[in-house]
Amino acid sequence: QWHFVESGGGLVQPGGSLRLSCAVSGMPFNIYLVGWYRQAPGKQRELVAIINSGEAASYADSVKGRFTISRDNAKDTVYLQMNSLKPEDTAVYYCHISGTIHWGQGTQVTVSS
């Protein structure tokens, strides 16, 4: 059984920062491509950032230069550092193991003054 624990979401003012964490157990985490996705109300889920086992990363254009994805294979955890947050970043954020049906439970990020 794969198990996800996401944390770090919350309410932040525009321009602020948050760091999301997703700890995964029950699978060989280090061999998988892992991504962060988000879904805003009334919109489709979209890819935010993705990182491979060698820590090469890619980002959606909307978050380049503001968000950083990283992973700690020793802790089976992936992170998303989000800086210079904007109201349009408001969404539920999910981690996902690429090529599988496995998703985290989601964590709410709200950017508002």
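User: Is serine 21 buried or exposed?

Analyst: Some ground rules come before the case. This is a predicted model, in which local features need pLDDT of at least 70, side-chain atom pairs count only at pLDDT 80 or more, and totals for chains, interfaces and linings use all residues. Residues are numbered from 1 along each chain as its sequence is written, and side-chain values use heavy atoms, with hydrogens and water left out. Buried means under 20% relative accessible area, exposed over 50%, and partly exposed in between, with a 1.4 Å probe and protein chains only. Serine 21 has a relative accessible area of 17%, so this residue is buried.

User: In which strand does serine 21 lie, and with which residues is serine 21 in contact, leaving aside its neighbours within four places in sequence?

Analyst: Strands are DSSP runs of E with at least two residues, and helices are runs of H or I with at least four, numbered from the N terminus. Serine 21 belongs to strand β3, which covers residues 18-25. Contact means heavy atoms within 4.5 Å, and, with those sequence neighbours set aside, serine 21 touches Val5, Glu6, Ser7, Trp36, Thr77, Val78 and Tyr79.

User: How many helices and strands are there in the chain, and what percentage of its residues count as buried?

Analyst: The chain has zero helices and 10 strands, and 40% of its 113 residues count as buried. Among contacts between residues at least 6 apart in sequence, 53% join residues at least 24 apart.
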